[in-house]
Amino acid sequence: MAIRIKAIKFNHLPGSMNTDALEIRKNKLTAISVPEWVDGISTLAQDSLVAYAMRETQGNTITIQARFESTDTSNFSVTIRAIDPVTNPPEPHGCIAWLLWFLRKIFIALFGNVLGEVKARTVNFVNGQSNYETFELLHPRFWNTGVGVYFTEWQWQHRTRKEHARKKWFNMQRTNHKVYILLEAPTSPWNQVAGSNQLPWTEALEYGCTWAKGAKTRDEAATKITESIYNLGPSRIEYDCPGGGSSHYSAGSFNCTKFLERLSGGLGNGKYVNCSDCATIVSSFANLIGCDLWQSRMGGFYFQLNNIRGIGSSVWTTACNNWGGFSYHEVAWKGNCTEQDQIFDGCLQVDGDSDPMTAPHTPLLPTNMVFGDCTTMNYRLRLTPNTPAGCGSCNAQPSTRVRRVII
Amino acid sequence: MATYDIDSWANQTKEGKNIFIWDFLLNGSEFSGWKLYDVQVETSDSLQKKVEYYCQNSENKAEAVKIDVIQNPSWQAAQKTLLDLVKDHMAKELPPFSASTKRSLGDVAYTGTTGIHHVLFSRANIVVVLNTIGDKDIDVAKFAEQLDGMFTSKPESSNAKFSPDIYVFELVGNKSDQRQRVRFEVVDPVQNVWLKFFCTHGQFLQDSDGLSWLPGNGDGQITLVVTNSRGFSSSKTINTMR
């Protein structure tokens, strides 16, 4: 008797994310259908993409659903499970078995599937077909690994009651899955509305989860993403000095499609970005993995700058050599986007020493830094000189806060 | 003090007040040696329509240009759009195109702060934004000037075999009305078409019902030029009387 696994559903509870996977799509145009793994179609891990939110699933039993087919067309029952083939070598015999069992526990904790294993259960077959049966995941460990992109391989096995007595399992297929682990459910503009093109895009998760790898808090994740985006300069993007600081990816909406094209080596909308682009990229990728940031502006007409290092530049200048200041500036911002709230600026480095108005300068990328006022050394006094035309003209503009739609 | 003075823009606008561009399109053959490799249409609930064209030099892949063409319901709306766009730059003030190049462009035009890698201009109801997006920065002025020429030129009808047909072109409504509806029906069996309306006085205004003409003083003419995506044109002129 040969049994095959035919399909696996990870996001099997519509509208839920507490015990199953999130709703996701590949990109603006391409949806991901459920079941996420289908026999004969899903050969590589990239063919079976799933995502889980750490916070929403914390402490819960995660379940999947799977369907099977047998060459035996009679009605019967078998027990089915899936193990991690990497951490499950063939069982040894003798006195060394206990030691190997102990070492295996350590090995699983370090290197095992983030989704763990699939707990054995009885599956009934009628005319050689099973229904979709719900399985529990055993020992998933993504709450410990933090944000990231992981690969899970399962060796599916079955045995009859008679084989159970002999402790013997028969291998079925191995299935491979690419797993995106998010901090929390994505926040606006991303959503969890079935069919929406604002569902998390796996093409964006590829970068967001990699940039924030290992993060377990929102601040840690947003900081890692801000640093990663600033470090894209000058190889992939740089500040738009020639164009006068024009928006190339965030005019109206966030053209994530073109930005992803740029990241993967294509032209996209070109190499130039401005502060609105950086604020939008930082907050959109951070929110994708569960942070909660806005894009919001400061200034209003014009304010003077201290020396800064724009993205992609190694030169300390008051913006593009001779600008002297900005007509406005935009950053990723927490909370109500007021001067008491923290900002993440992926567009420029400020001077992090005690006197940001004069050289020498100590590079500091502003992450989770209070915007501040003109009396205490926070972001505002690092960005602008303490003058009426500098700090005095660089006020938080919370009425401008926005989360641009993803296109 | 406003950095950009939209009132002075209106005062300096002459030709563009008498032109209306409808559903402008590029097919890629307009720029010799360049290939159109992507077109993105941005949908909107408003009458504004934005199309982004991506062109690459066929001989040198490092050279590429993105051209955003934004259709607005009037020349005034176009200048308001342009104002919003120039104010959205982080530099305090962009230099006028004429200051950067010693040449004129559109009704109102600006460039980036260094080189001519970024140009914005309005002509009639259209705003165009050009950006170099390739690995090699290039001067985009020639693309801007060619586009402006396409907006303002009034070509004669081409060979009838390949030209679009203008079935209906008339003004509807009382001659004494402040506004007369422009009714038109054009057909090209194979190609997409775009339209240009020229008037000797007055101006055009688009609303949710279509296009209207707001007469100026005296008698005059309104001309419709229809161009298909292969570049063949037809035109028709009607006389207006007050």
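Q: At what angle do α6 and α8 of chain A pack?
A: This is a predicted model: local features need pLDDT of at least 70, side-chain atom pairs count only at pLDDT 80 or more, and totals for chains, interfaces and linings use all residues. Residues are numbered from 1 along each chain as written, chains are lettered from A and ligands numbered from 1, in the order written. Axes are lines fitted to C-alpha atoms, for helices over the stretch in contact, and angles run from 0 to 180 degrees between N-to-C directions. For α6 (residues 218-230) and α8 (residues 275-288) of chain A, the axes lie 9 Å apart and the angle is about 140°.

Q: Which orientation class do α6(A) and α8(A) fall into?
A: Angles under 35 degrees count as roughly parallel, over 145 as roughly antiparallel, 65 to 115 as roughly perpendicular and the rest as oblique. The angle here is about 140°. The pair is therefore oblique.

Q: Which residues of α8(A) make the contact with α6(A)?
A: Contact means C-beta atoms, placed from the backbone, within 7 Å. From α6(A) come A221(A), A222(A), I225(A), T226(A) and I229(A). The α8(A) side is C278(A), I281(A), V282(A), F285(A) and A286(A).

Q: How many nonpolar residues does that contact of α6(A) with α8(A) have?
A: Ala, Val, Leu, Ile, Met, Phe, Trp, Tyr, Cys and Pro count as nonpolar, Asp, Glu, Lys and Arg as charged, and the others, Gly among them, as polar. The contact has no charged residues and one polar residue. The nonpolar count is nine.

Q: How many residues of α8(A) are buried?
A: Buried means 20 or more other C-beta atoms within 10 Å of a residue's own; exposed means 12 or fewer, and partly exposed lies in between. α8(A) is mostly covered. Its buried count is 14 of 14.

Q: What is the span of α6(A) from its first C-alpha to its last?
A: α6(A) has 13 residues. The expected span is 1.5 Å times one less than the number of residues. That gives an expected 18 Å for α6(A), and the model is close to it, at 18 Å.

Q: Which elements of chain A do the buried residues of α6(A) pack against?
A: The buried residues are R218(A), A221(A), A222(A), K224(A), I225(A), T226(A), I229(A) and Y230(A). Their partners in chain A are α5 (202-211), α8, β15 (342-344) and β18 (367-370).

Q: Which helices do the buried residues of α7(A) pack against?
A: α7(A) spans residues 256-263, and its buried residues are C256(A), T257(A), K258(A), F259(A) and R262(A). They pack against two helices of chain A, α5 and α8.

Q: Which residue with positive phi follows α8(A)?
A: α7(A) is followed by G265(A), with a positive phi near 105°. After α8(A), phi is positive near 115°, at G290(A).

Q: Is S130(A) buried or exposed?
A: S130(A) sits in the loop between β6 (117-125) and β7 (133-138) of chain A. Beyond four places in sequence, it touches R67(A), F68(A), V123(A), N124(A) and F125(A). With 20 other C-beta atoms within 10 Å, S130(A) is buried.

Q: How many charged residues are on the side of chain B that touches chain A?
A: The contact takes 21 residues from chain A and 19 from chain B. On chain B, β4 (64-71) and β7 (126-132) each supply at least two residues. That side of chain B has five nonpolar and 10 polar residues, and its charged count is four.

Terms used: Helices (H or I, at least four residues) and strands (E, at least two) are DSSP runs, numbered from the N terminus.
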